[in-house]
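Reader: Please show me the model, and then let us discuss its parts in turn.

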Amino acid sequence: MTQVLVLTHGDFAAGIKSSVDLLLGETDDIGIVALHEGDDIVEFKSKVEQKLEGIDDEEGAFVLVDICGGSPYNTIAQCLQGRNIECLAGVNLPMLIEAVMGARSGKTPQELALLCRTSGEEGIVDVRKRLNIA
């Protein structure tokens, strides 16, 4: 099964995982690594590498990060070369739910990237416009 990993600043990864647990039931399918204020970036990268070590390269990993250009993004970018890892920046709850359900159904990292990009974009809705509220 494709491993799903979430890398974020602060407690966002733990919070979004908690939301997935609430909606889908307790899940051990999501690995999280958080970068907190004052954390050493080398230590953060080491934690990311530890999560990636146990991943079967054939099954691969799908990684979601909070923001393009941030430290979690830059860290995973250094880990992509020669590995079966796909990554999207801008994680939101619809993306992570799609990732977990897709990984459970045997989707590859590449398939998850396509599915999650779509669900992430479709999950951004202008409520006033959708409900035709003037």
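Author: Helices (H or I, at least four residues) and strands (E, at least two) are DSSP runs, numbered from the N terminus. This is a predicted model, in which local features need pLDDT of at least 70 and side-chain atom pairs count only at pLDDT 80 or more, while totals for chains, interfaces and linings use all residues. Residues are numbered from 1 along each chain as its sequence is written, and side-chain values use heavy atoms, with hydrogens and water left out.

Reader: Where is Ile133 found, and is Ile133 buried, exposed or partly exposed?

Author: Ile133 is found in the segment after helix H6 (127-130). Buried means under 20% relative accessible area, exposed over 50%, and partly exposed in between (1.4 Å probe, protein chains only). Because its relative accessibility is 44%, Ile133 counts as partly exposed.

Reader: Which residues of H5 are buried, and why do they line one face of the helix?

Author: The buried residues of H5 (residues 109-122) are Pro109, Leu112, Ala113, Cys116, Ser119 and Gly120. Seen down the helix axis, they fall within an arc of 145° (taken from the directions from the axis to the C-beta atoms), so they line one face of H5. On the other side of H5, the exposed residues are Leu114, Arg117 and Glu122.

Reader: What covers the buried residues of H5?

Author: Cover is judged here by contact, meaning heavy atoms within 4.5 Å. The cover of the buried residues of H5 includes strand S3 (61-65), strand S4 (85-89) and helix H4 (93-104).

Reader: How many salt bridges does a search of the whole structure find?

Author: A salt bridge is a side-chain nitrogen of Lys or Arg within 4 Å of a carboxyl oxygen of Asp or Glu. One of them joins Lys17 to Asp21, with the closest N and O atoms 2.9 Å apart. In the whole structure, the search finds five.

Reader: How far apart in sequence are the parts that Arg104 and Asp29 tie together?

Author: Arg104 forms a salt bridge with Asp29, the closest N and O atoms being 2.8 Å apart. Since Arg104 lies in helix H4 and Asp29 in the loop between H1 and strand S2 (30-35), the pair ties together parts that are 75 residues apart in sequence.

Reader: What separates Lys47 and Glu43 in helix H2?

Author: Lys47 and Glu43 form a salt bridge, with 3.7 Å between the closest N and O atoms. Because they are four residues apart in helix H2 (residues 41-53), their separation is about one helical turn.

Definitions and conventions. Expected span 1.5 Å × (residues − 1).
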